[in-house]
Amino acid sequence: MKILVVSDSHGDRQIIADLLSRYVDDVTAFCHCGDSELPMNDPLAAKMTIVKGNMDTAPFPNDELVVMGGRRLLVTHGHLQQVNQGLLNLELFAKSRNANVVMFGHTHQLGVTMDQGILFINPGSISQPRGQYAAIGGTYAILTIDGDHYGVDYYNRQFQPVDQLRFRF
């Protein structure tokens with residue numbers, strides 16, 4: 001099972017359209033972790049699990065729990081869990097929802113970690129990256145779930161893998 005994870009596109013509708021078109025036959029699900037700035041009635045929004053970020057005006061849900069392949073995948077933006085101050089509140093929220101995987105954004109900085117059996121994935125911002133990997137120019141992630149194993153691979157806006165950003169758990 002493969003899940004494309006993207007966040008913080010901030011009105012860059014074209015990159016979302018390009019990702020959906022490129023991966024339509026390659027991924028099981030497409031998750032947007034907020035700050036898309038898409039209107040609720042945009043046809044692209046109907047093609048993905050999408051949550052509300054702090055910059056969104058559309059009434060998307062604050063979080064979504066998706067059950068796939070026996071896994072509980074929590075999609076949220078992260079601002080309501082104050083992810084800029086660390087992952088503790090997000091971890092507590094994930095535990096309250098019995099999530100196995102948490103996908104979030106808000107910080108515009110990519111990152112992945114496994115903590116107490118929960119996989120946390122921030123795909124970074126596809127349009128306004130910050131931090132150590134900002135020079136890549138925007139990133140998204142593909143989560144692969146194979147039995148009890150997770151793979152997280154990061155890609156740039158040109159759909160090319162970033163070799164140093166491949167993780168296995």
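Which residues do ring pairs link into a cluster? Here are some notes on this predicted model, starting with that point.

1. **The ring cluster.** The members are Tyr23, Tyr140, Tyr155 and Phe159, joined to one another through ring pairs. The count of aromatic pairs comes to four. If you have the structure open, these side chains are a friendly place to begin.

2. **A stacked pair.** Take tyrosine 140 and tyrosine 155 next: their ring centres lie 5.4 Å apart and their planes meet at 15°, so the pair is stacked, given that planes under 30 degrees apart count as such. This pair links distant parts of the chain, since tyrosine 140 belongs to strand β9 and tyrosine 155 to strand β10, 15 residues apart. Both tyrosine 140 and tyrosine 155 are buried.

3. **An edge-to-face pair.** Tyrosine 154 and phenylalanine 167 also form an aromatic pair, this one edge-to-face, with 6.2 Å from centre to centre and 90° between the planes. Tyrosine 154 sits in strand β10 and phenylalanine 167 in strand β11, so the pair ties together parts that are 13 residues apart in sequence. Buried or exposed? Tyrosine 154 is buried, its relative accessible area being 0%, whereas phenylalanine 167 counts as partly exposed at 26% relative accessibility.

4. Six strands make up an open sheet with mixed pairing, and their order is β3-β2-β1-β9-β10-β11. The edges are taken by β3 (49-50) and β11 (161-168); each has a single partner strand, so one side of each is left without a neighbour in the sheet.

5. **A parallel pairing.** In general, strands of a sheet pair through backbone hydrogen bonds, either parallel or antiparallel. Here, strand β1 (residues 2-6) and strand β2 (residues 29-32) pair in the parallel sense over four bridges. For a spot to look at, valine 5 stands opposite cysteine 31 in β2.

6. **Helix α1 and its cover.** Which residues of helix α1 are buried? In this helix, residues 13-23, they are Ile15, Ile16, Ala17, Leu19, Leu20 and Tyr23. The cover over these buried residues includes β1, β2, β9 (139-146) and β10 (149-156).

7. **A charge over a ring.** The charged end of arginine 22 sits over the ring of tyrosine 23, at 4.7 Å from its centre.

How values were computed:
Residues numbered from 1 in each chain as written. Predicted model: local features only at pLDDT ≥ 70, side-chain atom pairs only at ≥ 80, totals over all residues. Heavy atoms only, no water. Pairing = 2+ DSSP bridges. Helix = DSSP H or I, 4+ residues; strand = E, 2+ residues; numbered from the N terminus. Buried < 20%, exposed > 50% of the residue type's maximum accessible area, 1.4 Å probe, protein only. Contact = heavy atoms within 4.5 Å. Phe/Tyr/Trp six-rings, centres within 6.5 Å; stacked < 30°, edge-to-face > 60°. Lys NZ or Arg CZ within 6 Å of the ring centre and 35° of its normal.
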